[in-house]
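Subject: Structure for your review

Dear colleague,

Please find below the structure that I am handing over to you. My findings follow directly after it.

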Amino acid sequence: MDLAAFHALEPLCWRAPSAHNTQPWRLRYERWAITVGWDPADALPAGDPTGRDLRLSLGAFVETCLIVAADARLRLDWAADHDESDRRVGRLRPGRQPYRTPFRTADVWDRRTHRGRFTGGPDADVVAAVDAVARRAGGAVRVVPAAGRLRALLRTADRQVYADPAVVAELRRWLRLDRSGPRYRTDGLSDRCLGLGRAAATGLRAALAAYPALRPLGLPRLLAAASGDPLAQGGAVLALVAPPGLDAAGQVEFGRVLMRMWLTLHTAGLAAHPLSQLVDVAATRDALGTLLDVAPERIVHVARVGRPVAPAPHSARRVERTGGGVLMRDAAVRVG
């Protein structure tokens with residue numbers, strides 16, 4: 001395998017999604033393989049204590065690497081080798097032929113999370129297509145019913161999230177609400193991607209800064225209310241259901257399934273807005289399991305899906321395209 005050729009493509013792979021846009025993945029280039037691991041500094045121990053979202057994002061990154069390499073006709077294969085102590089999930093290695101996938105690098109680059117308005121949800125054919133993606137890996141995609149009940153669950157989940165000081169501190173670390181901030185264009189959740197105007201971003205920044213003093217006075221409830229009602233923005237809510245008994249290594253592999261699901265939606269002209277709080281809060285996850293008649297621990301991802309009214313901004317990455325190629329921000333190395 002031409003490691004230099006893949007290294008030149010690596011910045012494109014960073015368009016993979018991750019919780020809070022932390023971009024936790026790291027690649028270690030070796031003589032005959034590339035080890036995929038993660039940096040614990042970019043994990044979310046408070047908001048993601050089990051590491052589920054971390055492992056899903058690592059799997060999504062692996063799938064993205066395979067797609068980008070295949071589009072460049074590089075013969076790349078994946079060997080899962082999950083090891084928590086070494087902080088690795090497996091290795092990209094030479095393959096006999098390029099990875100077989102219907103997706104292209106352009107799909108990876110153009111896909112984005114969309115928290116704005118949708119004109120409608122996915123039709124039956126699209127739901128069947130993403131369900132087929134999940135079923136090939138032993139899972140399923142379910143449409144979440146009962147919009148009124150779902151609104152109540154979202155309010156409950158938001159209040160629980162904002163009531164936890166450790167989770168809020170972690171959120172503050174990854175919010176990018178100041179457009180002049182040094183990391184505004186590198187990672188995290190920006191005001192633009194959250195759909196916040198400057199006044200709303202300034203207000204949120206001030207409220208979170210005062211959180212320790214105002215928390216006993218009901219600030220978590222106010223912050224939850226200020227989050228609004230995403231269901232009023234249109235679309236349908238889909239849940240990704242994993243096979244029973246999915247272990248840590250299986251979660252990484254199911255992250256690859258999640259990436260294929262997102263790209264299937266993207267190529268159908270749709271976008272997704274993750275509603276991860278429904279899964280992160282045990283009470284709402286259990287209630288969601290009851291709604292879907294499925295074991296709650298099998299629900300690994302929930303998102304509002306629909307056709308965007310307007311394009312969403314690209315979330316920041318530690319790499320960017322330039323006129324002549326791709327610039328890696330961290331290493332300041334230009335390739336392409």
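The notes below begin with the chain as a whole and then turn to individual residues.

Please bear in mind that this is a predicted model.

Overall architecture

The protein chain contains twelve helices and 13 strands. Its radius of gyration is 20 Å, close to the 20 Å that the globule rule gives for 336 residues, so the chain is as compact as a globular protein of that length. Along the principal axes, the C-alpha atoms occupy a box of roughly 60 × 45 × 40 Å.

Of the 336 residues, 49% are buried. Among contacts with a separation of 6 or more, 72% are between residues 24 or more positions apart.

D48 sits in the loop between β2 (34-38) and α2 (52-71). Which side chain of opposite charge is nearest to D48? That side chain is R52, at 4.9 Å. Because a salt bridge requires the charged atoms to be within 4 Å, D48 has none, although D48 is buried. The side chain of D48 does, however, reach the backbone nitrogen of R52 at 3.1 Å. When neighbours within four places in sequence are set aside, D48 is in contact with D53 and L54.

A buried helix residue

T105 belongs to helix α3, which spans residues 105-110. With a relative accessible area of 11%, T105 is buried. Residues up to four places away in sequence not being counted, T105 touches L12, I67, V68 and D71.

Most residues other than glycine have a negative phi.

N21 is not a glycine, yet has a positive phi of about 55 degrees. N21 is located in the loop between α1 (3-13) and β1 (25-29), and at 5% relative accessibility N21 counts as buried.

R73, likewise not a glycine, has a positive phi of about 65 degrees. The loop that holds R73 runs between α2 and β3 (76-83). Is R73 buried or exposed? R73 has a relative accessible area of 63% and is therefore exposed.

Yours sincerely,

A colleague

Terms used
Residues numbered from 1 in each chain as written. Predicted model: local features only at pLDDT ≥ 70, side-chain atom pairs only at ≥ 80, totals over all residues. Heavy atoms only, no water. Helix = DSSP H or I, 4+ residues; strand = E, 2+ residues; numbered from the N terminus. Buried < 20%, exposed > 50% of the residue type's maximum accessible area, 1.4 Å probe, protein only. Lys, Arg positive; Asp, Glu negative; His and termini not counted. Polar contact = N/O pair within 3.5 Å; in protein donor to acceptor, adjacent residues only side chain to side chain. Contact = heavy atoms within 4.5 Å. Rg over C-alpha atoms; globule rule 2.2 N^0.38 Å.
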